[in-house]
Amino acid sequence: MEVIRNFEELVSHLSQRTERRRVAVVCPNDHSSQEAVARALDEGIADILIVGADEEAKAFFAKYGERIESVDASDVDEAARADVLMKGLLNTDNLLRAVLNKETGILPKGRVLTHIACAQMPQYDRLLFCTDVAVIPRPTKEQREEQLRYVLELCRTMGVEKPRVALINCSEKVNEKHFPHTVEYRELVAKAEAGEFGPCIVDGPMDLKTSLSEAALKKKHLESPIEGKADALIFPGIQSGNVFYSVATALPRSSIRWP
């Protein structure tokens, strides 16, 4: 499989598949959700089930007729119950309560629930994945290792045979006193070098610039096997991860610059 480097290539890849995934879109009562569903149907990349749509949303989707299935729900908690979920206009906690429900939830026993975001930036030559910007506030050592495993799996699904993963911190130095997670970073690097995670390159601690820019790496007189070409970023906690995600999605694309 060729590497998928942007969203256009991803859409093309999905449209050529003979099998389409069925996606339940919960409370698609906002313009962004409706636009995403419309594009998925127009591109033929997914089958859609809408759950808990209001009357205005139902009117919007009516033009698709039998191509779309609709299920009513009495409230947002009921609407959040499905096998594959896309979040619409409802709070994340409503959705997560359904996902984590011990009787009807979809998280397998013993697994970790985390979050992976994907960004396309015109100054970068590949899709950039990052975790965790929405679910785990302060990852434990075990949770961080699962985050690494998940993001590696996703990168490989996108055709990246040997993903480059940067473990993010405010500097490239290990600091056990102030940033104890940097010690865990070095343990993950050692495990990756020993082959525990399959083909991959993992390095850290690294700051954001040196992870994404070879020029920044050289400017700081540093060396890293990632070479400023990270496929994925793992953040120390939800605060830093969410700030990065918010900046990357809120600013105009033309305003994002790397050195």
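How many helices and how many strands does the secondary structure of the protein come to? In this predicted model, the count is 10 helices and nine strands. The radius of gyration of the protein is 20 Å, which is close to the 18 Å that the globule rule gives for 259 residues, so the protein is as compact as a globular protein of that length. Along its principal axes, the C-alpha trace spans about 60 × 40 × 35 Å.

Of the 259 residues of the protein, 41% count as buried, and among the contacts between residues at least 6 apart in sequence, 62% join residues at least 24 apart.

Helix H6, which covers residues 141–157, packs against helix H7, which covers residues 181–193, at an angle of about 45 degrees, and their axes lie 11 Å apart. Because the angle has this value, H6 is oblique to H7. The crossing in which H6 passes H7 is right-handed, and the residues that make the contact are set out by helix below.

| Helix | Residues in the contact |
|---|---|
| H6 | Lys141, Arg144, Glu145 and Leu148 |
| H7 | His181, Glu184, Tyr185, Glu187, Leu188 and Lys191 |

Sorted by class, the residues in the contact of H6 with H7 comprise six charged, three nonpolar and one polar.

Terms used. Residues numbered from 1 in each chain as written. Predicted model: local features only at pLDDT ≥ 70, side-chain atom pairs only at ≥ 80, totals over all residues. Heavy atoms only, no water. Axes fitted to C-alpha atoms, helices over the stretch in contact; angles between N-to-C directions. Helix = DSSP H or I, 4+ residues; strand = E, 2+ residues; numbered from the N terminus. Parallel < 35°, antiparallel > 145°, perpendicular 65-115°, else oblique. Left-handed = near helix turned anticlockwise from the far one by under 90°. Contact = heavy atoms within 4.5 Å. Nonpolar A, V, L, I, M, F, W, Y, C, P; charged D, E, K, R; others polar. Rg over C-alpha atoms; globule rule 2.2 N^0.38 Å. Buried < 20%, exposed > 50% of the residue type's maximum accessible area, 1.4 Å probe, protein only.
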